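Please read this note beside the sequence and the model. It is written for a reader who is new to protein structure.

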Amino acid sequence: MAEARIDKWMWAVRIFKTRTIAAEACKMNRVTINGAYVKASRMIKPGDVVQVKKPPITYSFKVLQAIEKRVGAKLVPDVMENVTTPDQYELLEMSKISGFIDRARGTGRPTKKDRRSLEEFTAPEFMDDFDFDFDFDEDK
């Protein structure tokens, strides 16, 4: 039966962009195989269930083939099966929505409303009209 290193497999099936990032995820206890935390050098075989924590959700993948060479995106379904539960994707949608609604005031880029109120606050009042109420005394 074929086996492959977990970090190479995750890179080969495009879970992570680089093998270094995949190995780092293993080191930070974000990757489990059948419920156990693993090192980057752990060997996987077909039938294993790999769980990867990418906050805010945990993805689950079933290994169909153990490969170490990167494959095209169209061939990924032949190598792994995504078994992530729908409630995890629901959690992802909720975090995307709440990221915009629950933004604390003053954090991140100012909104258009913030910018306009700031401009209104800093604009000098007397610059709006140049009709002065008093005459300049030119005799002195």
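1. Overall composition. The model is predicted. The protein contains 5 helices and 7 strands, and their order along the sequence is β-α-α-β-β-β-β-β-α-β-α-α. Of its 140 residues, 24% count as buried. The protein exposes about 10,800 Å², and 55% of this area is supplied by carbon and sulfur atoms. Among the contacts with a separation of 6 or more, 47% are made by residues 24 or more positions apart.

2. The sheet. Five strands form an open sheet in the order β3-β2-β5-β6-β7, with antiparallel pairing. As background, strands of a sheet pair through backbone hydrogen bonds, either parallel or antiparallel.

3. Pairings within the sheet. Strand β7 (residues 80-82) runs antiparallel to β6, with 3 bridges between them. Phenylalanine 61 in β6 can be followed across these pairings: valine 50 stands opposite phenylalanine 61, and phenylalanine 61 also stands opposite asparagine 82 in β7.

4. The nonpolar core. Which residues touch the most other members of the largest nonpolar core? Of its 24 residues, they are Ile6, Trp9, Met10, Val13, Ile15, Val31 and Val50. Two or more residues each come from α1, α2, β2, β5 (49-54), β6 (57-63) and α3 (76-79). Helix α1 gives the most, with 4 residues. Valine 31 illustrates the packing: its contacts, leaving aside residues up to four places away in sequence, include Ile6, Met10, Ala25, Cys26 and Val50.

5. The buried residues of helix α2 (residues 19-27) are Ala22, Ala25 and Cys26. They lie on the same side of α2 because they cover an arc of only 100° around the axis. The general rule is that an α-helix has 3.6 residues a turn, so residues three or four places apart point the same way. The buried residues of α2 pack against α1 (6-12) and β2 (31-33). On the face turned away from this buried side are the exposed residues Thr20 and Lys27. Just after α2, asparagine 29 adopts a positive phi of about 55°.

6. A buried loop residue. Alanine 40 deserves a separate remark. Its place is in the loop between β3 (36-37) and β4 (43-44). Is alanine 40 buried or exposed? Its relative accessibility is 16%, and the limit for buried is under 20%, so alanine 40 counts as buried. Leaving aside residues up to four places away in sequence, alanine 40 touches Arg5, Ile6, Asp7, Ala23 and Cys26. Alanine 40 and cysteine 26 are 14 residues apart along the chain, and their C-alpha atoms are separated by 5.5 Å.

Conventions
Residues numbered from 1 in each chain as written. Predicted model: local features only at pLDDT ≥ 70, side-chain atom pairs only at ≥ 80, totals over all residues. Heavy atoms only, no water. Buried < 20%, exposed > 50% of the residue type's maximum accessible area, 1.4 Å probe, protein only. Arc of directions from axis to C-beta. Contact = heavy atoms within 4.5 Å. Core = buried A, V, L, I, M, F, W, Y, C linked by side-chain atoms within 4.5 Å. Pairing = 2+ DSSP bridges. Areas by Shrake-Rupley, 256 points an atom, 1.4 Å probe, with all protein chains shown as cover.
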